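Please keep the sequence and the model in view while reading the sections below.

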Amino acid sequence: MNVKDCMSTKVCYCTPENSVKDVAKLMCDNHVGCIPVCNDDNCVVGVITDRDVILRSIACDKDVCNTKVTDIMTCNPCCCTPDMAVDEATNLMSKFQIRRIPVCDASNKIVGILSLGDLAHHDGEVGKGEVCATLENICKCNGNTKNAE
């Protein structure tokens with residue numbers, strides 16, 4: 001199975017010049033926790049997550065109306081391609097401990113996003129073991145949880 005078979009193609013994105021407040025509203029309106037940051041050619045130059053908004057702006061007393069995305073985004077994010085095998089993408093997600101990975105074409109233009117939710121939704125094709133292993137690797141919990149007996 002390839003990434004294109006389970007990725008989300010409806011992707012909202014922002015520019016580096018958008019304000020943190022604009023991106024937070026975009027996340028809220030679209031019920032997402034990660035927004036790819038694209039340049040004028042729709043090429044991915046970064047990502048910003050809900051966690052970035054909290055830890056890199058609000059917790060640092062930055063003015064979300066005047067702070068630009070470029071000031072708090074993760075630059076040069078890990079991306080995958082639509083034709084990449086899902087297990088290759090989950091290996092990248094595990095290696096870099098990321099829950100969502102932008103999907104880009106050969107020109108680095110955004111064409112989708114692959115999330116843990118997408119993997120879970122397609123667990124019949126991807127395999128429950130693969131989905132669980134990816135989540136475990138991202139969280140680095142090694143199968144141990146606070147509620148484990």
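## Basis of the description

The model is predicted, and local features are described where pLDDT is at least 70, side-chain atom pairs where pLDDT is 80 or more, while totals for chains, interfaces and linings use all residues. Residues are numbered from 1 along each chain as its sequence is written, and side-chain values use heavy atoms, with hydrogens and water left out.

A residue is called buried when its relative accessible area is under 20%, exposed when it is over 50%, and partly exposed in between, using a 1.4 Å probe and protein chains only. In α1, V20, V23 and M27 are buried. Seen down the axis of α1, the buried residues fall within an arc of 65 degrees, so they line one face of the helix; the arc is that of the directions from the helix axis to the C-beta atoms. K25 and C28, on the other side of α1, are exposed.

L26 is partly exposed, with a relative accessible area of 22%, and touches C12, Y13, C14 and I35 when residues up to four places away in sequence are not counted. The C-alpha atoms of L26 and C14, which are 12 residues apart along the chain, are separated by 8.6 Å. Just after α1, H31 takes a positive phi of about 55 degrees.

## The sheet of β1, β2 and β3

Two strands are said to pair if DSSP finds at least two bridges between them. An open sheet is formed by 3 strands in the order β1-β2-β3, with antiparallel pairing, and its edge strands are β1 and β3 (74–75), each of which pairs on one side only. Between β1 and β2 (residues 44–49) there are 5 bridges, and V37 has G46 as its bridge partner in β2. A further 2 bridges join β2 to β3, where the bridge partner of V47 is T74.

In strand β1 (residues 34–38), 5 of the 5 residues are buried. In a regular strand the side chains alternate between the two faces of the sheet. Both faces of β1 are covered, with C34, P36 and C38 buried on one side and I35 and V37 buried on the other. The hairpin of β1 and β2 has 5 residues between the strands, and in this hairpin N42 takes a positive phi near 65 degrees.

Strand β4 (residues 100–104) pairs with β5 in the antiparallel sense over 5 bridges, and the bridge partner of R100 in β5 is S115. Strand β5 (residues 110–115) is mostly covered, as 5 of its 6 residues are buried. In the hairpin of β4 and β5, N108 takes a positive phi near 70 degrees.

D118 lies in helix α4 (residues 116–121). The side chain of D118 has a polar atom 2.9 Å from the backbone nitrogen of S115.

## Salt bridges

A salt bridge is a side-chain nitrogen of Lys or Arg within 4 Å of a carboxyl oxygen of Asp or Glu, and a search of the whole structure finds 4 of them. One of these joins E17 and K68, whose closest N and O atoms are 3.5 Å apart. E17 lies in the segment before α1 and K68 in the loop between α2 and β3, so this pair ties together parts that are 51 residues apart in sequence.

Another salt bridge links D29 with K25 at 3.2 Å between the closest N and O atoms; the two residues are 4 apart in helix α1, separated by about one helical turn. K25 is exposed, at 52% relative accessible area, whereas D29 is partly exposed, at 46%. R56 and D52 also meet in a salt bridge, at 3.6 Å from N to O, and both lie in helix α2.

Definitions and conventions. A polar contact is a pair of N or O atoms within 3.5 Å; within protein, one must be able to donate a hydrogen and the other to accept it, and residues adjacent in sequence count only if both atoms are side-chain atoms. Contact means heavy atoms within 4.5 Å.
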